[in-house]
Amino acid sequence: MIDLHYWPTPNGHKVTLFLEEAGLEYRIHPVDIGKGAQFEPDFLAISPNNKMPAIVDHAPADAGAPQSVFESGAILLYLAEKTGRFLPADARGRTATLEWLFWQMAGLGPMTGQYGHFNVYAPEKIPYAIERYTKEVQRLLGVLDKRLAGRAFITGDDYTIADMAAYPWINVYDKAPLDLGPFPEVRRWQAAIAARPATQRAYALSKQVNPDAGKPMSEEEKALLFGQGPRPA
């Protein structure tokens, strides 16, 4: 049994994508980041950076005490190694998968997050920031589009944790949609993943866990999410 501390965000979706594909038994513990649950002591004990997702594996490979893991990329790698799935066994395939996993963690995710912040959530429109992050996300989509040419998935014919990491970050923000027209390979790849039954099951959890998903955030929620500090006592 795996305890998944989760909220339906792109980083949260990465882990549910894996768990549903692998058919692992798990239970969700909602972490309502709009209400400050990420700052609760019990959660900080397993995710000291006060970010979700995080997992607790009650049946780790070493048969020892429950193993906690935080950071979505680390969780994907942990689960792939535990199950022997979605990570190539050969050295070159493994290296390529990790390259693109870390590319997402260091580039596509953070830059798309900043794009969303300045286009959707920032209290004032800052043209420089909007232009800066729009161009960077478009550049990264171009990198991905080129990589996917001639490949079903990011590292070849097989679906891997690199795909699970990148997919949730493609055109995340309904209020600030990106033009994917120039990226036909990204569109083809995105549609193929969206059609997978495990993807549909993973995303169906959004409304179950957070019925208010998609609704505008209150000022209090924005302060908790963007204020870089715990909720007031």
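**Close-up views of a predicted model**

**View 1. Arg 132 is placed over the face of the Tyr 133 ring.** In this predicted model, the distance from Arg 132 to the ring centre of Tyr 133 is 5.3 Å.

**View 2. Tyr 121 and Tyr 173 form an edge-to-face pair.** The count of aromatic pairs comes to nine. For Tyr 121 and Tyr 173, the ring centres are 6.4 Å apart and the planes stand at 80°, so the geometry is edge-to-face; planes over 60 degrees apart are assigned to that class. Tyr 121 belongs to helix H4 (residues 91–121), whereas Tyr 173 is in the loop between helix H6 (161–166) and helix H7 (184–194), so the pair ties together parts 52 residues apart in sequence. Tyr 121 is partly exposed, its relative accessible area being 26%. Tyr 173, with a relative accessibility of 14%, counts as buried.

**View 3. Phe 18, Phe 86, Phe 153 and Tyr 159 make up an aromatic cluster.** These four residues are linked by ring pairs.

**View 4. Four strands form an open sheet with mixed pairing.** The strand order is E2-E1-E3-E4. Strand E2 (26–30) and strand E4 (67–70) are the edge strands, each pairing on one side only. From one strand to the next, the twist averages 20°.

View 5. Asp 57 stands opposite Gln 67, the latter in E4.

Note on methods. Residues are numbered from 1 along each chain as its sequence is written. This is a predicted model: local features need pLDDT of at least 70, side-chain atom pairs count only at pLDDT 80 or more; totals for chains, interfaces and linings use all residues. Side-chain values use heavy atoms; hydrogens and water are left out. Rings of Phe, Tyr and Trp (its six-membered ring) pair if their centres lie within 6.5 Å; planes under 30 degrees apart count as stacked, over 60 as edge-to-face and the rest as tilted. Helices (H or I, at least four residues) and strands (E, at least two) are DSSP runs, numbered from the N terminus. Buried means under 20% relative accessible area, exposed over 50%, partly exposed in between (1.4 Å probe, protein chains only). A charge sits over a ring if NZ of Lys or CZ of Arg is within 6 Å of the ring centre and within 35 degrees of the ring normal. Two strands pair if DSSP finds at least two bridges between them. Axes are lines fitted to C-alpha atoms, for helices over the stretch in contact, and angles run from 0 to 180 degrees between N-to-C directions.
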